[in-house]
Amino acid sequence: MICFSGRVVLSDAILENGFCIIEGDTIVKITDDQAQVPKGCPVVAAPIVMPGLVDIHNHGMGGHPDMVHYWENPLYTAKAAARLGTTSLLATLVLPKETAAATHRLVDSLNQVVGKYHDDCAIIEGLHAEGPVIADFGGLPASDVDMPLPDFRALVDHMQTLRVMTISPSKDAEANYDRIRYLLSRNVTPALGHDRNCTAEQVLGALRVDPSQRLHITHMFNVSSFSHRDASLANFGMVSKFPTLPAYDGLQPPSVEIIADGQHLHPLTIQAVLDARAAEHVACVTDCVAENTCRRGAADAAVGVQEEGREILYNGRSMMVIPPGKVVLKGTATLAGSCAASVDMLRRLVQEHGMSLVQCGRLLCSTPATVARLPHVGALEVGKKANIILLTATLDIQAVYVHGHCVSP
């Protein structure tokens, strides 16, 4: 049994002099009454006690020369993520058409580690498949965008731990949304994305498949469009409620994810999203493709600084880190991911966007967990897993606990 004391960040409030008590891998008590702390229970004090961060769009941080194969060595990323305060993540896969057999082997390997604790590692909670049915690749390798429904079902069935799949509404509209329908039947969240040219009617068709279930939007504004006149995918992500018009009857706006690294979105765009949508419907994700290997403290981490000029293989192509911490396809301006961590975004959200720690707990913990259907993580609540980060007053990491185990620095 361990007691953590400090400003305890809950889903709706902060206990200014709070205590979070864990036993084994589970939170067993949260209180502001010191008398309820069992006698003899060791107390670990910190200025801030927060739930572990949850990243549902992370391509990995290394472990193989080619990013497409990072997840063949899953514990490399799991260890790197845990040191940076991310205690739960989805292994995010791209699905190159020419390497389908290798992808199947990779999925088999990942299925063996999902949900399991390993020393000093974040928990890989499942998979996020970014494709294959996408209309606009952006920085992704080409995938089987017209995959027949039987093959699509077989792929989803093989991904036993699939939690989220990015799919383009304009492509699935061609199949009467049967793929989205199948994802929902398998308890997988369809994330609409990689679709710059989808129409409002195509997005509405996706939302109508099952109005009782909230869909999601993958890294909004990146490889998706907003128009003041002809609504497209990002328009749907920028509203907290739909107009009272027949086309929207019974529908709910999708949740959204944003890459709040200051590179994928301008600060004004990030602020617009935070002002337009409640934090319980916004998930901040990293879209990470590389470990930040030259962190020199909070100032550099805030922009995801890494060795500028470093090259990273990506399915036979090259990515390059360029100033100020962007990752692009070599020789182009096409963004291909980030080298930021969720804790970097926590600092940015507080320092640049005025978000409270409670709001950050939703943006970086509970909302991502809800989108990925992970009810056991994402908040400091009795019965949830003991995934906890201790922060200094300046939001530097003091300690990280995964399933009650302290992560080695």
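**Exercise 1.** Find where Gln-160 sits in the chain, and work out whether Gln-160 is buried or exposed.

*Solution.* Start with the elements: helices (H or I, at least four residues) and strands (E, at least two) are DSSP runs numbered from the N terminus. Gln-160 lies in the loop that links helix 3 (149-158) with strand 8 (162-167). Now take the cut-offs: buried is under 20% relative accessible area, exposed is over 50%, and partly exposed is in between (1.4 Å probe, protein chains only). Gln-160 has 61% relative accessibility, so Gln-160 counts as exposed.

A quick word on the model: it's predicted, so local features need pLDDT of at least 70 and side-chain atom pairs count only at pLDDT 80 or more, while totals for chains, interfaces and linings use all residues. Residues are numbered from 1 along each chain as its sequence is written, and side-chain values use heavy atoms, leaving out hydrogens and water.

**Exercise 2.** Work out how helix 3 and helix 5 are oriented to each other, and list the residues that meet.

*Solution.* Grab the angle: helix 3 packs on helix 5 (residues 178-185) at about 25 degrees, and their axes are 11 Å apart. Axes here are lines fitted to C-alpha atoms, for helices over the stretch in contact, with angles from 0 to 180 degrees between N-to-C directions. Angles under 35 degrees count as roughly parallel, over 145 as roughly antiparallel, 65 to 115 as roughly perpendicular and the rest as oblique. The two helices, helix 3 and helix 5, are therefore roughly parallel. Last, the contacts (heavy atoms within 4.5 Å): Leu-149, Phe-152, Arg-153, Val-156 and Asp-157 of helix 3 meet Asp-178, Arg-179, Tyr-182 and Leu-183 of helix 5.
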